[in-house]
Structure formats: C-alpha cells, structure tokens
Amino acid sequence: MTAVIIIRNGRIIDPINDSDGTGEIWISGNRIVSPGSVDAGDAIRYDAAGSWVVPGLIDMHVHLREPGEEYKETIASGTRAAAAGGFTAVACMPNTRPVNDNGSITTFIRKTAETCPARVYPVGAVSKGSRGEELAEYAEMKEAGIVAVTDDGHPVMNSQMMRRALEYAGSHGLPVISHSEDAALSRNGCMHEGFVSTRLGLRGIPAAAESIMVYREIALAELTGCRMHLAHVSTAASVDLIRRAKERGVPVTAETAPHYFTLTDEAVRGYNTNAKMNPPLRSEADRRVIIEALGDGTFDAIATDHAPHSVLEKDIEFDLAANGIIGLETAVPLTLALVRSGRLTERRLVELLSVNPARILGVPGGTLAVGATADLTVINPTISFVYTEEAVLSKSHNSPFLGQTLTGKAVLTICDGRVGHDELQAR
Amino acid sequence: MTELQAHVFKHRHIFGLEQMSREDIEFIIATARSFKEISNRSIKKVPTLRGKTVVNLFLEPSTRTRLSFEIAAKRMSADTFNIASSTSSTTKGETIIDTARNIEAMNPDVIVLRHSSSGAPYLLARHVACPVINAGDGTHEHPSQGLLDIMTILEHKGSLQGLKIAIVGDISHSRVAGSDIIGFTRLGAEVWLAGPATFIPYGVESTGARIAATVEDAVTGADVVMALRIQKERQQDPLIPSLREYAIRYGINRRRLERAKDDVLVMHPGPINRGVEMSPDVADGTWSVILDQVTNGVAVRMALLYLVIGSGKDNQEPGEG
C-alpha cells in the first residue's frame with residue numbers, strides 16, 4: 001500500500017498557484033493529491049501549525065566534492081545537509097576531481113545520489129577539464145542527466161569559447177552558468193578591494209573584476225540569444241547591468257548567495273578564513289543593492305554556493321586558504337531575516353528558493369499543485385537555534401555563522417514523497 | 001619609572017599598531033628609552049630576561065630585523081633560537097601551525113614571527129600558548145619598525161603632534177607604511193602619501209592619511225620625509241615602467257628635499273636602493289637619521305620582549321644590572 005502523508009494547519013505558500021493560506025497537503029506515494037482523495041487510515045500526520053508549507057527548496061549551486069574530495073563532502077553527506085536545510089534538490093557544480101566533463105562522471109553522480117534524501121542534478125563542465133580550451137561533450141552529459149553547464153570556480157576567459165558554449169549548449173536546451181570573474185584583474189586577490197583589505201594588508205579583488213565579466217556575459221547572451229545564468233553575483237555594478245539587460249529582454253537570469261546579503265568584507269577582520277570566498281564578501285553599499293535586487297525581481301534565485309572545505313584548507317594563512325563556505329543549513333534562516341525586516345515577502349522567498357531555480361534548470365518542483373511531485377518543505381519561521389559545529393550535517397564546518405543564534409529553519413523536508421528530514425515529528 | 005608604571009600594558013601579543021592606543025605606543029617608547037642606554041655600555045647585557053627563551057621564527061628572508069631582535073634578546077640575557085625559512089620544516093610541507101606546535105612543545109617564552117602572509121601572527125597566536133610578536137606579516141604591519149620610527153622622530157622633534165610627515169614610494173606593498181601611518185596619525189601627525197597611483201592602496205585615506213598629487217606637494221613644508229623601498233620581490237604586477245623613471249619622477253633628491261623644512265628628518269626603513277628611491281647624498285646627508293632608526297630598533301625590540309614576557313612579578317626592573 002502506498003504511504004499517505006498529511007500535513008495539516010500549515011500556511012501553504014504556493015506562488016505558481018497563487019495560493020497563500022492555511023490548509024492541508026496530502027501526499028500519496030510520490031505525488032501531491034487532493035485532500036480526501038485517498039484512504040487516510042494509516043496516514044502519517046503532521047501538525048504544521050505556525051509553520052509554512054512551501055514547494056521543496058532547490059539550491060541551484062552547491063559543491064558536493066564527490067568524486068575526488070570525499071574528505072570534504074560526499075554526495076550522501078551533502079544531501080543530508082541539504083535536507084536538513086530544507087532543500088529537496090541541489091544542482092552540483094562540476095569542479096570535482098576529475099571534473100564532471102563527460103557522461104561517465106555525470107552517471108556516477110546520478111547513481112550515487114539515487115538513495116539520497118535530496119535530488120541531485122549534476123551540472124556539466126563548459127570545457128574539458130574546465131580549462132577553457134575545448135567544449136565538453138554536452139549531448140552525452142545531457143543524456144546522462146546534466147541540467148546546465150558551467151566551469152564554475154574558473155572563469156571562461158576566452159570570449160569566443162564562451163560564445164560557442166552558449167550556442168552549443170543552447171542547441172541542447174541547456175543554460176550556461178557563468179562564474180563571472182576577470183581573472184587578470186582578480187589575480188592573487190583574496191578579499192574585496194576596499195579600505196578593509198588595505199588595513200589588513202590583503203590583496204584585494206575589485207568589484208569591477210566581476211562586473212566586467214557580467215557585462216561580457218550579457219553581451220554574449222544578447223549576441224547568441226541563448227540562456228545565460230549568472231552565478232553568485234556580489235556587486236552593485238553587476239546588479240545594475242543585469243537589471244538593464246533584463247529590461248531589454250536579454251535572456252539572462254541571476255542568483256546571489258545568502259552571505260552576500262548578510263555579511264560584508266568587515267567579516268574578514270581578524271583574518272577569518274571562514275569569511276573567505278570567491279567572489280569575496282563586498283562592501284555595505286553592495287550588500288544593500290543586493291538586498292534591493294532580491295526584492296525587486298532582478299535576482300531570480302538565491303543559491304548557497306555551498307563550498308565545503310576541511311580545516312586543512314581553512315586553518316592556514318588567509319591568502320593561502322581555500323575560497324568558500326558551507327551554506328545549505330543556514331540559507332533558510334538567513335533569507336528569513338530579510339522577510340522579518342520587510343525587505344522580502346514570503347512569496348518572493350519561495351520564488352527565489354524554489355520556483356525560479358526549478359524554472360531555470362528545467363527540473364520538476366516549485367509547486368504544490370495536485371499531481372505535482374511530492375517535494376515540499378515545512379519552515380518554522382520563528383524557531384531559534386544556535387548554529388553549532390556539532391549540529392552541522394555537512395562533513396565540513398567552514399561557516400562564518402557558527403556560534404550564532406539563527407531564527408527560522410526547515411523542520412520537515414519531503415523529497416519524492418519520502419521524509420528526508422524531520423524535526424516536526426509525525427503524530 | 002613613575003611614567004612607565006602609570007600605564008598598564010595589556011597586550012599579550014604584538015600584532016600591529018592598529019590595536020594600540022596612543023598611550024600604549026608612548027608607553028612602549030618610554031620603555032625603549034629606558035633600555036637604550038644599555039646598548040652604549042661597555043658590557044651590553046642585563047639579566048632582565050635571564051632564563052627566557054625567544055624563538056625567532058623567520059619564514060621569510062630577513063637579516064636586519066632578525067638580527068635586531070636577536071641582539072635585543074641577548075642584551076637582556078634571553079636565550080635565542082633562530083629558525084629561517086630555508087631550515088624550517090615548512091619547506092618540507094609542514095604547516096605553520098605544526099611548526100609552531102613543535103616549537104611550543106619546547107616551551108619558548110615568545111615566538112617572533114616574520115611571514116609572507118598578512119595575518120599569519122593571528123593564526124599562530126590561535127594555536128600556541130606563548131605570546132607572539134609580529135616581525136612583519138605580508139603587506140599588513142611591521143609594528144616594531146613603526147615604533148622605532150616613532151621613537152626616532154620623537155628623539156629629534158620631541159613630539160609628533162602637528163608634524164607633517166611625507167611617506168613616499170610603494171605604499172601598497174609596504175608593511176612599514178601600514179604601521180607608520182597608523183602610529184604617526186595616532187600621535188597627532190599629519191601624514192601625506194606620495195607615489196605613482198599604482199603604489200597607493202585603495203581606500204588608504206580611511207587610515208587618516210592624505211594623498212598628495214605630487215611628491216613635491218607631499219614634501220613641501222614637511223618635518224619628516226620617509227622614503228620606502230621599491231619592493232621588487234612583492235610586485236606581482238608591473239606597477240612602474242622602470243626604476244629609472246621612478247628615480248627621476250619620485251626619488252627623494254636634494255632638489256626635492258629643499259622644499260621641506262630646514263630641519264627635516266630623512267628616514268628610510270632600509271635596505272635602500274641607492275639612486276632609486278633616494279639619492280646617495282640625501283641618504284648620507286645631515287638630514288638623515290637612517291642609522292638612528294637602526295639603533296632605536298634594538299631598544300624598541302628590547303622593550304617589546306620585556307613587555308610581553310619579562311614584566312611579570314618574578315622579573316627585575318628594566319635596565320637593572
């Protein structure tokens with residue numbers, strides 16, 4: 001008999017169906033069904049009073065490190081962290097070792113993820129080995145399951161290469177995700193270029209290193225008419241370019257990460273390597289514009305850029321430390337802070353964390369409509385907790401938010417009709 | 001000693017001048033003054049740090065600063081051990097933390113660290129129990145150099161309050177400038193920076209310094225002119241077209257120096273690229289206090305070692321013996 005799950009009394013926020021109100025969600029098997037349409041005799045029942053029931057969250061930018069760097073994260077540990085953070089699906093970047101630039105690696109990732117508590121959508125490399133020299137085999141990788149291509153971690157410096165990637169990916173229905181960085185301008189930089197970097201004696205990365213490349217990507221998307229998604233956007237200048245490109249109808253979409261709307265380069269003081277990332281944490285002026293752009297629709301998605309690193313890469317000299325922080329388990333509370341401060345509506349939160357990522361990647365999810373795949377997340381927006389190293393489910397602990405009291409979290413994550421994370425407790 | 005005893009020096013580590021108040025800086029200089037005469041004695045040794053162990057962990061090449069710290073420690077009877085980058089296990093792949101822990105297992109009383117990465121002393125201090133003194137970290141700070149520069153100016157001018165100090169040269173790559181700007185401004189001086197725009201770091205005005213349009217503007221009416229070394233080894237980018245052009249456009253020569261006050265002090269943290277950032281007649285002229293800086297360096301480092309490891313109850317007064 002197919003298991004039935006009933007979630008009652010929750011505030012159901014489903015932007016695609018334009019619904020926002022208290023109600024019940026019934027799940028039978030791996031589908032959402034009409035309440036009362038199936039036998040509820042043995043149903044697993046949840047009381048979601050005080051919580052929001054939303055379409056399963058989709059993080060379109062994570063690093064799972066497998067294959068090759070399993071000591072940092074595995075597909076299993078990463079998806080456990082994802083489920084705990086409210087994500088029912090993640091898109092994993094191809095900068096593994098070896099790089100996911102062929103169908104075999106893509107297949108390995110898909111197969112390894114089959115029994116995991118969150119869906120894993122592999123993203124293939126733009127170029128073989130992410131070296132920016134030759135196109136990878138997009139058709140083979142698409143057959144194996146990729147949903148987009150990117151050389152994330154390495155900017156594609158050759159404009160002709162990026163143009164061809166857009167054209168070729170476009171012909172296979174794949175978006176290209178851009179790591180927008182002028183590597184010559186950012187070379188050897190390890191934090192945002194500003195007065196903090198000057199004070200700390202650390203080589204800075206100017207905001208222009210990102211916006212120069214964002215402009216190129218927009219120009220290439222306009223030239224080719226192919227879909228370009230701009231990853232981890234961090235600067236006000238980039239936002240301005242994206243806003244104007246969208247007004248012209250250029251097929252660009254964009255994401256930012258919670259750390260860019262929560263922290264600034266001040267977090268680096270004390271040489272805190274858990275505040276080291278690429279692009280780097282920017283100025284307060286940038287942060288304010290990022291928040292504004294989340295509210296006004298310039299950004300399509302919030303993605304964590306979850307980048308696990310062990311102490312081997314982080315507890316070292318700042319300029320030598322690896323870039324990146326983990327983010328799967330903190331994205332919900334950090335985004336909820338914007339809702340509490342009135343800068344983001346609940347509906348917009350759901351669009352940024354679920355509806356739009358599904359649309360951009362062309363994957364299921366993003367809705368609680370009857371008949372849809374049973375991917376959903378229950379968020380308690382008021383619960384407070386201390387984010388401790390012990391509680392982290394990711395294999396790595398490189399977060400600048402450790403030790404902080406955060407408010408709001410995912411208390412139930414259901415993926416494909418199966419409970420992946422449960423702090424709500426069935427009754 | 002009344003003046004010295006009036007201030008409580010609370011710093012366990014010496015990371016930089018940014019953490020230090022004006023009172024801290026004045027207290028260190030006052031302590032250094034009390035130590036300076038030891039270097040002029042026929043027997044240049046006091047028992048102040050007898051039985052203490054100073055490890056000079058120099059993971060970046062240095063001759064002057066390492067020697068200065070070593071002389072400072074030995075003049076106070078501390079045992080010193082020098083670890084240079086070429087002999088360090090870091091060349092075998094060991095991390096700085098493992099190196100430090102191994103050193104710490106031998107119970108040193110202080111580690112003096114020179115490192116090519118900004119912030120390395122903070123990292124070290126998180127992993128060892130003993131105090132850490134920053135002997136220069138990346139392009140961040142070189143606090144003992146900043147303090148000796150302040151001491152040298154004070155000896156000649158009595159106060160920094162209201163002085164115009166011009167710092168000319170590669171500000172971007174200079175940890176000396178990092179400490180000097182903070183220290184000078186904290187003691188009331190007006191600091192002007194000059195050099196090609198490629199040498200001026202972003203947002204440096206936030207430190208309180210001002211950027212002069214030309215070297216001439218910076219030097220005009222200056223009480224102190226500090227020239228910085230062109231740090232060829234730290235430049236990853238081509239920041240100037242040639243040393244020749246730099247020497248002509250930005251070098252401190254007699255003609256430029258005539259714009260300064262008559263009693264101007266000429267300083268340089270050394271080593272000097274003669275004929276580039278400073279002409280030989282200026283370096284060796286009557287304005288030059290460059291060798292005073294070196295002498296004061298020993299006194300300042302004696303003071304720092306004393307303040308972080310030797311000022312406990314079981315120690316004798318500075319200068320005693």
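This is a predicted model: local features need pLDDT of at least 70, side-chain atom pairs count only at pLDDT 80 or more; totals for chains, interfaces and linings use all residues.
1. Dimensions of chain A. Chain A holds 13 helices and 18 strands. Along the principal axes, its C-alpha atoms occupy a box of roughly 65 × 45 × 45 Å. The radius of gyration of chain A is 20 Å, which agrees with a compact globule, because 427 residues would give a value near 22 Å.

2. Sheet in chain B. An open sheet of 4 strands runs in the order β2-β1-β3-β4 (chain B), with parallel pairing. Its edges are β2 (79-84) and β4 (132-137) of chain B, each of which pairs on one side only. On average, and with direction ignored, neighbouring strands of this sheet are turned by 15° against each other.

3. Pairing of β3 and β4. In chain B, strand β3 (residues 110-115) pairs with β4(B) in the parallel sense, over 4 bridges. Ile111(B) has Val132(B) as its bridge partner in β4(B).

4. Helices on the sheet. Which strands does helix α3 of chain B touch? Helix α3 (residues 64-75) of chain B packs on the sheet and touches β1 (53-58), β2, β3 and β4 of chain B. The direction of α3 makes about 180° with that of β1(B). Helix α12 (residues 290-310) of chain B also packs on the sheet, where it touches β1, β3 and β4 of chain B. The direction of α12 makes about 130° with that of β3(B).

5. Largest pocket. The volume of the largest pocket is about 970 Å³. It is lined by 41 residues, and those closest to its centre are Leu202(A), Arg203(A), Thr139(B), Ser172(B) and His173(B). Two or more lining residues come from each of α5 (183-186) and α6 (195-200) of chain A and α7 (175-186) of chain B. The element that gives the most is α7(B), with 4 residues. By class, the lining of the largest pocket has 15 nonpolar, 18 polar and 8 charged residues.

6. Second largest pocket. The second largest pocket has a volume of about 690 Å³. Which of its 34 lining residues are the closest to its centre? They are Gly153(A), Asn278(A), His309(A), Ala322(A) and Asn323(A). The lining of the second largest pocket divides into 9 nonpolar, 14 polar and 11 charged residues.

How values were computed
Residues are numbered from 1 along each chain as its sequence is written. Chains are lettered from A and ligands numbered from 1 in the order in which they are written. Side-chain values use heavy atoms; hydrogens and water are left out. Two strands pair if DSSP finds at least two bridges between them. Axes are lines fitted to C-alpha atoms, for helices over the stretch in contact, and angles run from 0 to 180 degrees between N-to-C directions. Contact means heavy atoms within 4.5 Å. On a 1 Å grid over the protein atoms alone, a cavity is a set of points where a 1.4 Å probe fits but cannot get out, and a pocket is an open set with protein on both sides within 12 Å along at least five of seven lines; lining residues have an atom within 4 Å of a point. Grid points are joined across faces, edges and corners, and a volume is the space filled by probe spheres set on the points. Ala, Val, Leu, Ile, Met, Phe, Trp, Tyr, Cys and Pro count as nonpolar, Asp, Glu, Lys and Arg as charged, and the others, Gly among them, as polar. The radius of gyration is taken over C-alpha atoms; the globule rule is 2.2 Å times the number of residues to the power 0.38.
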